[in-house]
Amino acid sequence: MSKSNKLRNSARGQECNIRIPSVCNFNPETTILAHVGSGAGWGGKSRDIEGSFCCSACHDAIDGRTRTPFTAIELKLWAKEGAERTREHWEQIGLIKVPA
């Protein structure tokens, strides 16, 4: 299995790392590896290492499929923080290695 597939598969059953207040459904059954904050929705090409464990509700909000009271900058900040938490998780379980 490729590293990219391992990263994507690691999202199954995980809690959302984006956690937008009053939006997040906190349902690990809806969590995927979402390319938020760096992907097509933000005008760039996505890489799995930049992805985040993201529930369906947060993903819909960040991709603009649902309206929220938050600005695009606020949503992008939550997405980036979620990606950071996801990378920390991968490092802790040994899925990625970060040079010292």
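Reply: Start with two words. A residue is buried when its relative accessible area is under 20%, and exposed when that area is over 50%. Keep in mind that this is a predicted model.

Now take helix α3, residues 72–92. Check its length. The helix has 21 residues, and at 1.5 Å a residue they should span 30 Å. The end C-alpha atoms of α3 are 30 Å apart, so the two values agree.

Next, sort its residues. Leu 75, Trp 78, Ala 79, Gly 82, Ala 83, Thr 86 and Trp 90 are buried in α3. Where do the buried residues fall, seen down the axis of α3? They lie within an arc of 140°, so they line one face of the helix.

Turn to the face of α3 that points away from the buried side. Ile 73, Leu 77 and Gln 92 are the exposed residues carried there.

Then look past the end of the helix. Gly 94 follows α3, and its phi is positive, near 80°.

A disulfide needs two cysteine sulfur atoms within 2.5 Å. The count here is zero disulfides. For Cys 16, the nearest cysteine sulfur belongs to Cys 58, 3.8 Å away, and Cys 16 is in no disulfide. Cys 16 is buried, at a relative accessible area of 3%. For Cys 24, the nearest cysteine sulfur is that of Cys 55, at 3.7 Å, and Cys 24 is in no disulfide either. Cys 24 also counts as buried, with 11% relative accessibility.

Technical notes:
Residues numbered from 1 in each chain as written. Predicted model: local features only at pLDDT ≥ 70, side-chain atom pairs only at ≥ 80, totals over all residues. Heavy atoms only, no water. Buried < 20%, exposed > 50% of the residue type's maximum accessible area, 1.4 Å probe, protein only. Helix = DSSP H or I, 4+ residues; strand = E, 2+ residues; numbered from the N terminus. Expected span 1.5 Å × (residues − 1). Arc of directions from axis to C-beta.
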